[in-house]
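Hello,

Here is the structure I promised to pass on to you.

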Amino acid sequence: FRRVLFRSSYCDAPSGLDLIQRLKHAVVNRVPSVAISGYVASCFKARSTVIQNPYDAELFVRRSDPPTRQLIFVGRLVSEKGVDVLLRALAELKQREIRPRLTIVGAGPELAGLELLGRELGIGDQVLFAGAHSPAETAELLRDHRILVVSSRYREPFGVVALEGIGCGCVVAGSNG
């Protein structure tokens, strides 16, 4: 290897027999690497060049009229993104007579399971699974919402979607990762 690029967070130290994580650490600790943030670069012994993820400041901009929708999630529908946690939180709010609407933008292997979970929790009428969208369509959807929820279960290495939401005028509510 001459140079390795890491887009996801590999900062968690390997534990147990996690051979994939051990291999990642073995490689990145021995070769120069490109990391997407100073945080990711600081997790490894080898020298890293930081090249941050691109953010289109001309596309993700706020507009003058106020948003009309409440909550939005944008991301891959995979377990580490914590969409199930978000759905369970909506169910708890519903028990308190608080019923915000949520738009979920994205696709992934957990789509069917998340749709089922929403129905089982009795919040199916509050949640719109909008599917994957182009960056321009995603920017428009973000501008239509007040709050972007980033419910990740893991430490996000560089939250591009949070920057995009802020650029479009959303308040970002995120996990501590």
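Let me begin with the sheet. Five strands make up an open sheet, ordered β6-β5-β4-β7-β8, with parallel pairing. Two strands count as paired if DSSP finds at least two bridges between them, and helices (H or I, at least four residues) and strands (E, at least two) are DSSP runs numbered from the N terminus. The edges are held by β6 and β8 (171-174), each with a single partner strand, so one side of each has no neighbour in the sheet. On average, neighbouring strands of this sheet are turned by 25° against each other, direction ignored.

Before I go on, a word on the source: this is a predicted model, in which local features need pLDDT of at least 70 and side-chain atom pairs count only at pLDDT 80 or more, while totals for chains, interfaces and linings use all residues. Residues are numbered from 1 along each chain as its sequence is written, and side-chain values use heavy atoms, with hydrogens and water left out.

Back to the strands. β4 pairs with β5 in parallel through four bridges, and in this pairing Ile72 stands opposite Thr103 of β5. With strand β7 (residues 145-150), β4 pairs in the parallel sense over three bridges; here Leu71 has Ile147 of β7 as its bridge partner. Helix α6 (residues 160-167) packs on the sheet, touching β4, β7 and β8, and its direction makes about 170° with that of β7. Contact means heavy atoms within 4.5 Å; axes are lines fitted to C-alpha atoms, for helices over the stretch in contact, and angles run from 0 to 180 degrees between N-to-C directions.

In a regular strand the side chains alternate between the two faces of the sheet. In β5, Leu102 and Ile104 point one way, Thr103 and Val105 point the other way, and all are buried. Buried means under 20% relative accessible area, exposed over 50%, and partly exposed in between (1.4 Å probe, protein chains only).

Next, the nonpolar cores (sets of buried Ala, Val, Leu, Ile, Met, Phe, Trp, Tyr and Cys residues joined through side-chain atoms within 4.5 Å). The largest has 15 residues, and Phe73, Val83, Leu87, Leu102, Ile104 and Val127 touch the most other members. Two or more residues come from each of β4 (69-74), α3, β5 and α4, and α3 gives the most, with five residues. Leu87 shows how this looks from one side chain: leaving aside neighbours within four places in sequence, Leu87 is in contact with Leu102, Ile104, Leu114, Leu117, Gly118, Leu121, Ile123 and Val127. Another core, of twelve residues, lies apart from the largest one, and among its members are Val105, Leu148, Val150 and Val161.

Now the charged pairs. A search of the whole structure finds seven salt bridges, each being a side-chain nitrogen of Lys or Arg within 4 Å of a carboxyl oxygen of Asp or Glu. Three of them deserve a mention:

- Asp125 and Arg99 form a salt bridge whose closest N and O atoms are 2.6 Å apart. Asp125 lies in the loop between α4 (111-120) and β6 (127-131) and Arg99 in the loop between α3 (83-95) and β5 (102-105), so the pair ties together parts that are 26 residues apart in sequence. Asp125 is partly exposed at 45%, and Arg99 is partly exposed at 38%.
- Glu140 and Arg143 meet at 3.1 Å, N to O. They are three residues apart in helix α5 (residues 135-143), which means a separation of about one helical turn. Glu140 is partly exposed at 35%, whereas Arg143 is buried at 12%.
- Glu80 and Arg76 meet at 3.9 Å, N to O. Both are partly exposed, Glu80 at 30% and Arg76 at 42%.

There is also a network of salt bridges, which links Arg63, Asp65, Glu140, Arg143 and Asp144.

Last, the cysteines. The structure holds zero disulfides, a disulfide being a pair of cysteine sulfur atoms within 2.5 Å. For Cys168, the nearest cysteine sulfur is that of Cys170, 6.4 Å away, too far for a bond. Cys168 is buried at 5% relative accessibility, and Cys170 is buried at 6%.

Best wishes
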